[in-house]
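Here are my notes on the model, point by point. Please read them with the structure open.

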Amino acid sequence: MINSVVLMGRLTFEPELRTTPSGVSVVRFQVACDRNYQKSGEDRKADFIDVTAWRQTAEFVSRYFHKGSMIAVEGSIQTENYTDRDGNKRKSFQVVADRVSFCGSKNESGSTNPVFNQQPAPSYQSADNSDFEEIVDDDDDLPF
């Protein structure tokens, strides 16, 4: 069975870290994801998707993400059936985050956390390819 979700969007409100009675960290937040299709003459629509993160992922989100931050979320969908106050049967769904990642620049995310400003961005040198043979793309002999 496969139940896999990947989202990228902006947080719609400030995430608030909570702790369960047994001491487990949890944070709930909502991600606004623009829809790909836009009818001519209409405003772009977005989906607002509820996400829950647990333990270290929850602590990471609460520390480094804020309202308006771009975020990428990998996780799975969980559904729940319940009965509302009026006796109507309802179904809700949420994404349970396994991993979250930064998207966009520091300026875009609005982060003022000094952790980001302590070290310069690492620079990487390109690999020395002197030990590798040159690959020749010679498709002239192919019959198609």
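1. How much accessible surface does the chain have, and what share of it belongs to carbon and sulfur atoms? The accessible surface comes to about 11,700 Å². Carbon and sulfur atoms hold 46% of it. Areas were computed by the Shrake-Rupley method with a 1.4 Å probe, and for residues only the protein chains shown count as cover.

2. Ground rules. This is a predicted model, where local features need pLDDT of at least 70 and side-chain atom pairs count only at pLDDT 80 or more, while totals for chains, interfaces and linings use all residues. Residues are numbered from 1 along each chain as its sequence is written, and side-chain values use heavy atoms, with hydrogens and water left out.

3. Layout. The chain has 3 helices and 6 strands. From the N terminus the order is β-β-β-β-α-β-β-α-α. Elements are DSSP runs numbered from the N terminus: helices are H or I with at least four residues, strands are E with at least two.

4. Of the 144 residues in the chain, 27% are buried. Buried means under 20% relative accessible area, exposed over 50%, and partly exposed in between (1.4 Å probe, protein chains only). Take the contacts (heavy atoms within 4.5 Å) between residues at least 6 apart in sequence: 57% of them join residues at least 24 apart.

5. The core. The largest nonpolar core holds 19 residues. Such a core is a set of buried Ala, Val, Leu, Ile, Met, Phe, Trp, Tyr and Cys residues joined through side-chain atoms within 4.5 Å. Leu-7, Phe-29, Val-51, Ile-71 and Val-73 have the most contacts inside it. At least two residues each come from strand 1 (5-11), strand 3 (25-34), strand 4 (46-54), helix 1, strand 5 and strand 6. Strand 3 gives the most, with 4 residues. In soluble globular proteins, nonpolar side chains tend to be buried together.

6. Phe-29 deserves a look. Beyond residues up to four places away in sequence, Phe-29 touches Leu-11, Phe-13, Pro-15, Ile-49, Asp-50, Val-51, Ala-53, Val-61, Ile-71 and Val-73.

7. Salt bridges. The count is 4, taking a side-chain nitrogen of Lys or Arg within 4 Å of a carboxyl oxygen of Asp or Glu. Side chains of opposite charge can pair when their charged atoms come close. One of the bridges joins Arg-99 and Glu-74, with the closest N and O atoms 2.8 Å apart. Arg-99 lies in strand 6 (residues 89-102) and Glu-74 in strand 5, so the pair ties together parts that are 25 residues apart in sequence. Arg-99 is exposed at 51%; Glu-74 is partly exposed at 31%.

8. Two further bridges. Asp-84 pairs with Arg-90, the closest N and O atoms being 3.1 Å apart. Asp-84 is buried at 19%, whereas Arg-90 is partly exposed at 42%. Glu-16 and Arg-18 meet at 3.6 Å, N to O. Glu-16 is partly exposed at 49%.

9. Where does His-66 sit? His-66 is in the loop between helix 1 (55-64) and strand 5 (70-83). His-66 is partly exposed, at 26% relative accessibility. Neighbours within four places aside, His-66 contacts Leu-11, Glu-14 and Pro-15. The His-66 side chain makes a polar contact with that of Glu-14 at 2.7 Å. A polar contact is a pair of N or O atoms within 3.5 Å; within protein, one must be able to donate a hydrogen and the other to accept it, and residues adjacent in sequence count only if both atoms are side-chain atoms. His-66 and Glu-16 are 50 residues apart in sequence, with their C-alpha atoms 9.6 Å apart.
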